[in-house]
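Work through the exercises below with the sequence and the model open. Each task is followed by a solution in steps.

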Amino acid sequence: MTEGVARGVRLLAGRYQVGDLIGRGGMADVHVGTDLRLGRQVAIKLLKSSLASDPAFRTRFRREAQDAAKMAHPTIVRIFDAGEETVREPGGGEMQVPFIIMEYVDGRLLKDIINEGALAPSEAARIIEQVLTALEYSHRAGVVHRDIKPGNIMITPNGQVKVMDFGIARAISDSSATIAETSAIVGTAQYFSPEQARGETVDARTDLYSTGIVLFELLTGRAPFTGDNPVAVAYQHVNAEAVPPSSINPRVSPAMDAVTLRALSKDRFERYQSAIEFRQNVEAAAAGNIPTARMPAANDFNATLFGVNPTATAGSEAALRQLTVDDDRAVRTQNRPPVAWIWAGIASMVVIIAAVVFWTLNLTPQNIGAALSVDVPNLSGQTYDNGAALLTTKKLVPQKFTEPNAAVAEGIILRTDPPAGTTVAPGQAIKVYVSLGKNPVKVPDVSNMLEADAKAALVANKLVYGQTTTTYSPSITAGVVVSSDPQGGATTTTAGVTVREGDTVNLVVSNGLVNVPDVTGQAITDASSKLSGELQLNVKVVADKGCSGAKVSKQSVIGDTPQKSNITIYYCAGS
């Protein structure tokens, strides 16, 4: 890695300063960093040396990072840059270390939140809805995550969900032949889909299965499948059925049970076929409604992600399944009578309806109120604190966003998204856009400028000159600016300082004088050092035989005097 300007500072690609370690995983270490070119904080992910030694991996890594970097969505952690850096090994050799420069997210990992216990079903639904929104976007972009788990999901202080590491798991998994080789670095066995555990081809429905595992954990505080080792857990993903979350957490409704268990179907054709279908069912269950099953629309499918559309005209189900698994793997060829499937579906719906009716009849008044939809209130013109409090009373989650607006005072709400009057489910995140007031500007550094030039610089930066005060200076010429208030360089990112267009800036200008203190009675060495060093005066020392003690007996100048003036001090030199 490149040495920075300061000794010991590490730089990547000549612009990314590597800071403190903030996370460590099976495949990478994560550091906080600074993009010195753009002056912004970033997260830097440094891949493990065991991966960096594989040239094929590095090629795939670059390709996947480029694909992931094309995605820009509020629920996805942005990738800004990726590359490789040459480092010297202790033995004198060199190796390439791949790195990723990502958006820095101030928040908590979802896995840390789950460690504190199960979440309220409404909050679990809100989080999963945002995860599925991210997957909906990525799947339409042709990117399968392959490693959805709480350790790859961040929650910001205002409740925003951020999903990380899109595309990176594929670069790693494509470098290995078996699950046994990749289980240490790709995903966690607790979140494997059955097809991953069997080593089959992975598609977007794998992400939906893993999201179902995360939903189960959010609702219950524990994973559906556990074991002494990853192989034992992977076996359960293939052969064991998950229990309904309500058997662990009675607060979970039958509707949410049905959604979770469908997402955890072993057969990928029986689970949700798209992120949007999954999300709509979660929203319906969270609102107290019965999720409706539907056949996927043609545009829900992407050949890259899913293979053949099951609703398309085709031969047998066995032929369809053959197209979605590896050619060298055995596939199930048993034909299932369509009539049996229809009756099975009817029976399932009857059971779900009966369970939901039973659950609804046993709701307390408090639970009934929580299940109703709510209208987003009109918050425009209110302060953010008042608006956020109103959203909270309506069981909605405020998320604060800011933007400049010269016509609206700072701190006043401009609008919401969804807009006022929109009907949403309780627990829905509401984006609240708050005015920053006038545009932020930077105060120019006007020190050592002539006063007239400094005033012109302020006007050029859309600031207003206020007033000038003078000060003493031993070295700055009269009429030259010593400093400004606020100081040059102050912006909205400077702690405690907010500077905007139209703000007033005052100047401090040198008067060309120094103020000579009275040094009589002080030791001659101290007095001489102060006058010649700090005040830069030309000091002449004269012996005074009328007294003793090496102290100053008198001086030629006290008070204001021009810079670089001559001054004589007398010191007691008698015996």
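**Exercise 1.** Which kind of contact do the side chains of Glu283 and Arg279 make, and how far apart are the two residues in helix H11?

Solution. Step one: the side chains of Glu283 and Arg279 meet in a salt bridge, with 3.2 Å from N to O; a salt bridge is a side-chain nitrogen of Lys or Arg within 4 Å of a carboxyl oxygen of Asp or Glu. Step two: both residues lie in helix H11 (residues 275-286). Helices (H or I, at least four residues) and strands (E, at least two) are DSSP runs, numbered from the N terminus. Glu283 and Arg279 are four residues apart there, so about one helical turn separates them. Step three: Arg279 is buried, with a relative accessible area of 16%, and Glu283 is partly exposed at 27%. Buried means under 20% relative accessible area, exposed over 50%, and partly exposed in between (1.4 Å probe, protein chains only).

The model is predicted: local features need pLDDT of at least 70, side-chain atom pairs count only at pLDDT 80 or more, and totals for chains, interfaces and linings use all residues. Residues are numbered from 1 along each chain as its sequence is written, and side-chain values use heavy atoms, with hydrogens and water left out.

**Exercise 2.** Is Glu116, the salt-bridge partner of Arg108, buried or exposed?

Solution. Step one: the closest N and O atoms of the Glu116-Arg108 salt bridge are 2.5 Å apart. Step two: Glu116 has 59% relative accessibility and counts as exposed, whereas Arg108 is partly exposed at 36%.

**Exercise 3.** Which residues are linked with Arg198 and Glu200 in a network of salt bridges?

Solution. Step one: the closest N and O atoms of Glu200 and Arg198 are 3.0 Å apart in their salt bridge. Step two: Glu200 is buried at 15% relative accessibility; Arg198, at 33%, is partly exposed. Step three: the network also links Asp203, Arg205 and Arg268. The structure holds 19 salt bridges.

**Exercise 4.** What is the strand order of the open sheet of three strands, and which strands are its edges?

Solution. Step one: the order is E8-E9-E10, with antiparallel pairing. Step two: strand E8 (108-109) and strand E10 (161-163) are the edges, each pairing on one side only. Step three: E8 pairs with strand E9 (residues 153-155) over two bridges, and two strands pair if DSSP finds at least two bridges between them. Leu109 has Met154 of E9 as its bridge partner.
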